[in-house]
Amino acid sequence: MAQKTIRHPKVTFLPHSDTQFELQHISQKAKEFSYCPYSQLRVGSALLTEDEKIFTGCNIENACFYLGLCAERTAINKAVSDGYTKFKAIAVSSDLEEQVIPPCGACRQVIREFGDIPVFMTRMDGSYTRMTVEELLPLSWNAEYLKKNE
Ligand SMILES: [Zn+2]
């Protein structure tokens, strides 16, 4: 059986580096509303839409642990529920000082649903690691697989 070629949407780069730093800064501020009584790990996220609107998210834990929601998916759910589905980038930050906080597998898949965008994983001091969703989740499942064979 021939391997089907999967096309990924092109990575959209940010127009101004100031926007990137603002996005990272806002993701740090978004931690303020984190609800994390169990892990004590505050996580914030900021999602940049195609028309430069920013949606924030924080982690929201639950006593029924698997019902908790990550900051990235909170931001995406807020944006999509307001009618936004085209994104340029997402930033995520936590209170970890020595390391960046990478999106979990579920968040990688949810971000991937909306394209191969840059993910800025930020440390407390503002330094960051930038990776695309394709780098974070290679050979990811996406809508292309659901198209009928042509
Ligand atoms: Zn997650």
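Here is a walk through the structure, from the overall layout to the annotated residues.

What you have is a predicted model, in which local features need pLDDT of at least 70 and side-chain atom pairs count only at pLDDT 80 or more, while totals for chains, interfaces and linings use all residues. Residues are numbered from 1 along each chain as its sequence is written.

Start with the overall layout. The chain comes to 4 helices and 5 strands, and read along the sequence they follow the pattern α-β-β-α-β-α-β-β-α. Helices here are DSSP runs of H or I with at least four residues, strands are runs of E with at least two, and both are numbered from the N terminus. Buried residues make up 35% of the 150 residues. Buried is a matter of counting: 20 or more other C-beta atoms within 10 Å of a residue's own make it buried, 12 or fewer make it exposed, and anything in between is partly exposed, with C-beta atoms placed from the backbone. As for contacts, look at those between residues at least 6 apart in sequence: 60% of them join residues at least 24 apart. Two residues are in contact if their C-beta atoms, again placed from the backbone, lie within 7 Å.

Now find the sheet. The 5 strands form an open sheet in the order β2-β1-β3-β4-β5, with mixed pairing. Its edge strands are β2 and β5, each of which pairs on one side only. The twist averages 20° from one strand to the next; for angles like this, axes are lines fitted to C-alpha atoms (for helices, over the stretch in contact), and values run from 0 to 180 degrees between N-to-C directions. Two strands pair if DSSP finds at least two bridges between them.

Zoom in on β1 and β2. They run antiparallel and are joined by 5 bridges. Across this pairing, Leu47 stands opposite Phe55 in β2, and Ala46 stands opposite Thr56 in β2. Glu52 is partly exposed, with 13 other C-beta atoms within 10 Å.

Leu139 is not a glycine either, and it has a positive phi of about 55°. You'll find Leu139 in the segment after α4 (133-136), where it counts as exposed because it has 7 C-beta neighbours inside 10 Å.

Next, go to helix α1, residues 17-29. Its 13 residues reach 19 Å from the first C-alpha to the last, close to the 18 Å expected at 1.5 Å a residue; the expected span is 1.5 Å times one less than the number of residues. Its buried residues are Gln20, Leu23, Gln24, Ser27 and Gln28. Seen down the axis of α1, these fall within an arc of 140°, so they line one face of the helix. That arc is taken over the directions from the helix axis to the C-beta atoms. What covers them includes β1 (43-49), β2 (54-58), β3 (87-94), β4 (118-122) and β5 (128-132).

Finally, the annotated residues. An unreviewed UniProt entry gives the feature "binding site" at Cys70, Cys104 and Cys107. They are spread over 38 residues of sequence, yet they cluster in space, with a largest C-alpha distance of 8.3 Å. UniProt positions follow the numbering used here, feature names are shortened, and annotations may be inferred rather than shown by experiment. Cys104 sits in the loop between β3 and α3 (105-112) and is partly exposed, with 13 C-beta neighbours inside 10 Å. Cys107, in helix α3, is buried, with 26 other C-beta atoms within 10 Å.

Leaving out residues up to four places away in sequence, Cys107 touches Cys70, Glu72 and Arg73. Glu72 carries an annotation too: the unreviewed UniProt entry marks it as "active site". Glu72 lies in helix α2 (residues 71-81) and counts as buried, with 28 C-beta neighbours inside 10 Å. Neighbours within four places in sequence aside, Glu72 is in contact with Ser45, Gly57, Ile90, Val92, Pro103, Cys107 and Ile111.
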